[in-house]
Amino acid sequence: MKHLSDLLPWTRRPRRAVATERAVDWRPGVPGLSGALSRRAVLGGFARGAAVTIALPPLVAMFDAGGTAYACDGVLPKRFGLWFWGNGMLPDLWTPETTGSGDAWALSEQLAPLAAVKHKLCLVTGLSCKVDNTIPHGSGMAAILTAAAQIETGSDETVAAPSIDQVIADQIGGYSIYKSIQTTATSSSGQSWNGPNSRNTAEQDPYAFYERLFGDTFIEPGEDGEVDPRLGLRRSVLDAVMDDIARLDARLGSEDRVRLEQHLDGVRELEQRLAILEENPPNLEACTKPDALTADYADIDGRPQITERNAIMMQLTAMALACDQTRVFGHYLTDPVSDVLFAGATAGHHDLTHNEGEPQPQVNAITVAIMERLADSIAILDSIPEGDGTLLDNCAVLCTSEVSLAQTHNIDEMPTIIAGSACGFFKQDQHYRSLSGENATKLLISLQRAMDINVSSFGIDSAQADEGLTDIEA
Amino acid sequence: MFLLAFALACQEPATPAADSGVSDRGEAPASSPAPPSLKRLTGAQYRNSMHALFGEGVLLPNSVEADERIEGLFAVGSAYTTISSYGVEKYEKAAYDIAEQVMDDDELRARWVPCTPVDVQDDDCAAESLETLGRLAWRRPLSADELEVLVLVSAEAAVVLDDFHDGLEFGFAALLMSPNFLYRVELGDGLTGGGGSYTGAYDDYEMASRLSFFLWDSIPDAELLDAAAAGELTNDAGLLAQVDRMLADDRVVDGVRNLFTEMLHLDELDDLNKDPTIFTYMSDDLAESAREETLLGIEALVFDDDASYLDLYTTQRTFLDRTLAAVYDVPAPEREGFGEVWLADDGGRRGFLGQASFLALNAHATSTSVTRRGIFIREVVLCQPIPDPPANANTAIPEVAEDAPTMRERIAVHLENPECATCHELTDPIGLGFENFDGLGRWRLAENGATIDPSGELDGGAFTDAWTLGQVVADHPQTGPCMTQTMLQYATGNVADDLDETLVDWHTDGFSANAHRILWLMRDVALSPAFREVGEIQ
């Protein structure tokens, strides 16, 4: 059987012989790396009363014939990021006057903070969300992240489809310890969705995030450690849990079955993670364990330390990418409708977008501050060398919000920036403007293609698009 | 202090039953039960259950998977939302952390490992321990298959780690991260009791679980499980006896506190965000104090006085600590902690709607919000959902001007613009009634130098200020029925559409005939067909 290490030079090698022979081999076959197994296949198996797990050929199924599908120059993996903020921008101050590449366009007032990273951006303006704008902030969020209208039930709303980060993570997230990681610089819940009523809540505690990524189980490349026998035992426990899930699943109605299936996904992801931890970490040069945290990130006078929190969450995220702990991240500076008090503002952000008089100088200042945080974040990704370039070069980071002008909940003229070229897939230092208000879903198609996901159509109903934005593809 | 008072009050468990309301309205009408749903334990239920098993001293994770509201309640959300992989990861970590604490603590270990192992691997002792913990954690006896798997997991770990208890830790962790612990498996399919097909009613163990999570927000105790084992929870007399026992138990205080925390959104006080340069009485402990004020008041109303739920909106009795006393401008009743305060007749403030928990939560970071306060009354107190505003509307409130010094003049645009007026007429006139309280809940008579006019009308009930508005809310014909609906949804996890309207009305009649007493309603709902009967799995 082929192993990942046969396919990609950077990948993991087996660590020293596992110290633990299984004392009691009662379990059904445990696939080591089973990310490619479809959920439906597993649950279909359950429904027929079959055994818990199904052995799979590890990973091979996920690569194209050349085995390089998800790697830059055959060496480094591609990564996808979502960098989100709430409450949009002011289109008149956002959109640069000219389009084109390089010196042909200059940053606008609101984009000015991005000057240092302009050469690694692809700015797209003029895209429209093609859904009925019925739910303030909700319709736009769902359109730009899930390419579908929201589902409304009474006064409750939820998404109809998974968000783009999960769509991509389903394809490229299976090799790493975490299928995706989700963070916020405030107390946002985040907008990463597996489907209706199924949110991947963003981590807001930097200390918990550090512990999760770089705590006891983290092993630096080259570090010569014994395999912790508990890892294998924990996998045995997860098998027992999957037994329980299987027995329970057979008794459930269809809706609950889908919900339990999501739980099973989580268990399987955990089991795979433990399996990966039993191997040597990938030999990635840029991977080092960050220093333990010491700072206090608590709010000061009712205002979050957004600059500091954003920086630490992005630094940890960047190192998680560099260590191949994950290949997909979502980072939410703030959520839709966020009413966070920014420094110097006399009211919450959302409050101001509706109630500040024209020309909304405070809203403008907040948007500029948000772009400063975006600039910080991009610079962090760009500061980690990888191959001939940087981590950022191997990423495509979609930077967006749920509206353009928040005052009127406008979902035309959406703010969309792609940072990083995804190994040369996207043009750089580019401002592309859609004069016809093209469907924003096109951008989501291009982003999937940038991750080598072969997709020609995406989205639901009016939000569906059947082509990407070829003008921004290199 | 309330526990004591309650214990006295509840020495006559027949109190709720003795009232005539039940017979006045006749037998429960024929109704169609809602289909079953798999509910994940809420964060509070998870914590309460762990405390019930391992004591208050056990260290629990800072966060488990976040709860989400549907129709205003986590209880409903828990039946619809799914768990993320990060959530699964957190449950796994917590299970090991807790199992380790149990094994490391002599007392806990002695309780949960009631036997002395004869060797590193001792399957009999492991089975005995797992069976005992499993029955409580899973709220039912474990099947032979289930137990066998757990014993094997423990044995494998014991051999690898060369220690019986270290091995059993893995078995305990498996119990605590199993879906049989994390989800409430109440399906009415007869399988728990050994049947296997649709039965039309929840079985005994399912009833034990439903009762304990509804009334205690926690797992059943041994006595309740024994009653289930004896088949007592599926007959009227046995059920009645257990419901009355549970309502007389201290743990019902946890249940009532959680019910109102969910209903009144008190958990959201965790994220209360106020600009302290504007609200100089804002402090780090204000949110927690405000929540406790509300909950202590509810405890007093429900347990000390067994008073009408409607009194929540008019009572002058409240409980303040120094932080809140300063906000309310009244003398602090105690140097430390909370003390009882009777708010003055002329102070303008009374009832839950005069409390910081409501006033501060339903306001902006730097100002009040008449719309949010109005929406809260409509949606939470009256069960009248307000639609979202049209997405493309400009919802700006004009800034303060010479001819518009107070919110009443500024908000007038909402009510003039026909597009906005449809909904804002339903909310803003109510919210204006609270304008004597700033965004934190401090009393004020003027805004920008102009006297505030807090008068208005709510569905035909005129009020002159927040004081009289409290009475109008208490008298509103929808307030009692809304509490009934909320209680039924909280107990069953059903969305409103899945509740049988005739049955809701029947409970409402009883609630009204029994002086709107919360404990009476909880008892009535626990005995309800909506709580005991189940529709077919869909």
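In chain A, 70% of the contacts between residues at least 6 apart in sequence join residues at least 24 apart, two residues being in contact if their C-beta atoms, placed from the backbone, lie within 7 Å. For chain B, the share of such contacts that join residues at least 24 apart is 68%. This is a predicted model, in which local features need pLDDT of at least 70 and side-chain atom pairs count only at pLDDT 80 or more, while totals for chains, interfaces and linings use all residues. Residues are numbered from 1 along each chain as its sequence is written, with chains lettered from A and ligands numbered from 1 in the order in which they are written.

Chain A holds twelve helices and 16 strands. Helices (H or I, at least four residues) and strands (E, at least two) are DSSP runs, numbered from the N terminus. Of the 474 residues in chain A, 58% are buried; that label calls for 20 or more other C-beta atoms within 10 Å of a residue's own, whereas 12 or fewer make it exposed and anything in between partly exposed, with C-beta atoms placed from the backbone.

Where the two domains of chain A meet, eight residues of domain 1 are in contact with seven residues of domain 2. On the domain 1 side of chain A, the residues that touch domain 2 are five nonpolar, one polar and two charged. Here Ala, Val, Leu, Ile, Met, Phe, Trp, Tyr, Cys and Pro count as nonpolar, Asp, Glu, Lys and Arg as charged, and the others, Gly among them, as polar.

Next comes the meeting of the two chains. The contact takes 61 residues from chain A and 61 residues from chain B. On the chain A side, at least two residues each come from strand S10 (198–199) and from helices H7 (229–249), H8 (254–277) and H10 (349–355). H8(A) gives the largest share of that side, eleven residues. Sorted by class, the side of chain A that touches chain B has 19 nonpolar, 28 polar and 14 charged residues.

Chain B has 26 helices and eight strands. Its radius of gyration, taken over C-alpha atoms, is 25 Å, close to the 24 Å that the globule rule gives for 538 residues, so chain B is as compact as a globular protein of that length; the rule is 2.2 Å times the number of residues to the power 0.38. Along the principal axes, the C-alpha atoms of chain B fill a box of roughly 85 × 55 × 50 Å. Buried residues account for 54% of the 538 residues in chain B. Chain B is divided into domain 1 (39–185) and domain 2 (263–475), and the C-alpha centres of these two domains of chain B lie 42 Å apart.

One helix pair in chain B shows how neighbours pack. Helices H9 (residues 144–161) and H10 (residues 164–177) of chain B meet at an angle of about 145°, with axes 7 Å apart; axes are lines fitted to C-alpha atoms, for helices over the stretch in contact, and angles run from 0 to 180 degrees between N-to-C directions. Among the residues making this contact are B:Leu150 and B:Val153 of H9(B) and B:Phe164 and B:Phe170 of H10(B). By class, the contact of H9(B) with H10(B) has eleven nonpolar, three polar and one charged residues.

B:Leu458, in strand S7 (residues 456–458) of chain B, is buried because 20 other C-beta atoms lie within 10 Å. Leaving out residues up to four places away in sequence, B:Leu458 touches B:Ile430, B:Phe463, B:Leu469, B:Val472 and B:His476. B:Asp284, by contrast, sits in the loop between helix H15 (251–263) and helix H16 (286–304) of chain B, and counts as exposed because it has 11 C-beta neighbours inside 10 Å.

Notes:
Domains from an automatic or database assignment.
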